Amino acid sequence: MEQQDNNREHTSFLVFSASLRKNSLNTKLAKLAVKVIEKHGGTVDFADMADFDCPTFNQDLEVDNYHPEGAEAFRKRILANDAMIVSSPEYNGSMPGNIKNIIDWTSRFRPQPFHQYHALLMSASPSMAGGNRGLWALRVPFEHLGTRVYPDMFSLATAHDAFNEDGSLKDKTLAKRFEDNLVAFMNLVEASKHYPCIKKAWVEFLGEKPAKETERVE
Ligand SMILES: Cc1cc2nc3c(=O)[nH]c(=O)nc-3n(C[C@H](O)[C@H](O)[C@H](O)COP(=O)(O)O)c2cc1C
């Protein structure tokens with residue numbers, strides 16, 4: 001890696017892999033993202049998917065404002081950082097159930113922490129499409145919850161054969177694209193945090209009246 005870039009205002013990133021597997025390709029990709037972010041002056045909070053483990057969601061468990069520990073941990077770490085980067089496997093053309101489950105649990109806090117939060121999605125798979133279809137599925141709940149999901153996503157194809165021993169990518173063109181993708185995201189997060197140029201406006205939507213049964217998102 002080239003010299004570190006410290007010419008930035010401070011930004012911090014929650015980086016995690018949505019795989020629990022020991023030799024996960026997505027964890028490898030997430031760890032490579034850590035190196036790139038640190039090289040460019042960002043701070044990283046690396047999380048293990050096991051940190052956010054939750055029981056299968058069941059509304060009947062929501063008694064006395066109950067939230068599982070994993071959801072509490074996810075919420076805290078979202079709020080402690082400026083943005084998140086998720087590297088997620090693709091299962092059957094979609095996202096793994098465990099990540100949807102923690103999103104569902106974490107969406108039950110008020111205020112819910114995904115609103116106006118920045119996220120970058122990436123994937124790794126042995127397939128030729130690199131798990132990219134799963135990311136389109138993963139965008140949906142995040143965008144539903146008001147997350148600013150970065151338009152450019154990164155999917156690593158034939159990931160089982162893509163890494164060098166030191167965790168870098170064998171293909172130099174791909175390595176540059178990966179780094180450029182992350183740096184562009186870092187620029188956006190930095191600008192959003194430190195150089196806001198638009199003010200919030202109150203927009204009233206009269207179409208839906210608040211009620212316990214229909215209240216899903218703010
Ligand atoms: C239940 C299941 C479904 C899968 N479906 C897909 C799929 O739709 N597309 C794909 O590219 N890979 C699929 N795979 C293969 C995963 O991409 C591969 O196991 C990958 O290594 C998982 O990510 P990880 O290494 O980070 O755990 C599937 C694997 C499992 C276990």
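Among contacts in the chain between residues at least 6 apart in sequence, 79% link residues at least 24 apart. The model is a predicted one. The chain contains 5 helices and 6 strands, and its elements follow the order β-α-β-α-β-α-β-α-β-β-α from the N terminus. Of the 218 residues, 45% count as buried. The accessible surface of the chain amounts to about 12500 Å², and carbon and sulfur atoms account for 51% of this area.

The largest nonpolar core comprises 29 residues, and those with the most contacts inside it are F16, F74, M84, I99 and L138. At least two residues of this core come from each of β1 (12-17), α2 (69-79), β3 (83-87), α3 (97-106), β4 (118-124) and α4.

When neighbours within four places in sequence are left aside, M84 is in contact with L14, F16, F74, F114, Y117, H118, A119, L120, F142 and F185.

L138 is located in helix α4, which spans residues 132-144. L138 counts as buried because its relative accessibility is 0%, and the cut-off for this class is under 20%. With neighbours within four places in sequence again set aside, the contacts of L138 are V86, S88, M95, I99, I103 and L121. The C-alpha atom of L138 is separated by 9.5 Å from that of E90, a residue 48 places apart from L138 along the chain.

E90 is placed in the loop between β3 and α3. At 18% relative accessibility, E90 also counts as buried, since the class extends to values under 20%. Not counting residues up to four places away in sequence, E90 touches G131, N132, R133 and G134. Two polar interactions involve the side chain of E90 in this region. The side chains of E90 and R133 are joined by a polar contact of 2.7 Å, and a polar atom of the E90 side chain lies 2.8 Å from the backbone nitrogen of G134.

E90 is also part of the ligand surroundings. The ligand is surrounded by 14 residues, of which S19, S24, N26, E90 and S125 are the closest. By residue class, this shell divides into 4 nonpolar, 7 polar and 3 charged residues. A polar backbone atom of L25 is 2.9 Å from an oxygen atom of the ligand. For N26, an N or O atom in the side chain is found 2.8 Å from a ligand oxygen atom. For S125, the corresponding distance between a side-chain N or O atom and an oxygen atom of the ligand is 2.7 Å. The ligand taken alone exposes 620 Å², and 71% of that area is buried by the protein.

Key
Residues numbered from 1 in each chain as written. Predicted model: local features only at pLDDT ≥ 70, side-chain atom pairs only at ≥ 80, totals over all residues. Heavy atoms only, no water. Helix = DSSP H or I, 4+ residues; strand = E, 2+ residues; numbered from the N terminus. Buried < 20%, exposed > 50% of the residue type's maximum accessible area, 1.4 Å probe, protein only. Contact = heavy atoms within 4.5 Å. Core = buried A, V, L, I, M, F, W, Y, C linked by side-chain atoms within 4.5 Å. Polar contact = N/O pair within 3.5 Å; in protein donor to acceptor, adjacent residues only side chain to side chain. Near = heavy atom within 4 Å. Areas by Shrake-Rupley, 256 points an atom, 1.4 Å probe, with all protein chains shown as cover. Nonpolar A, V, L, I, M, F, W, Y, C, P; charged D, E, K, R; others polar.
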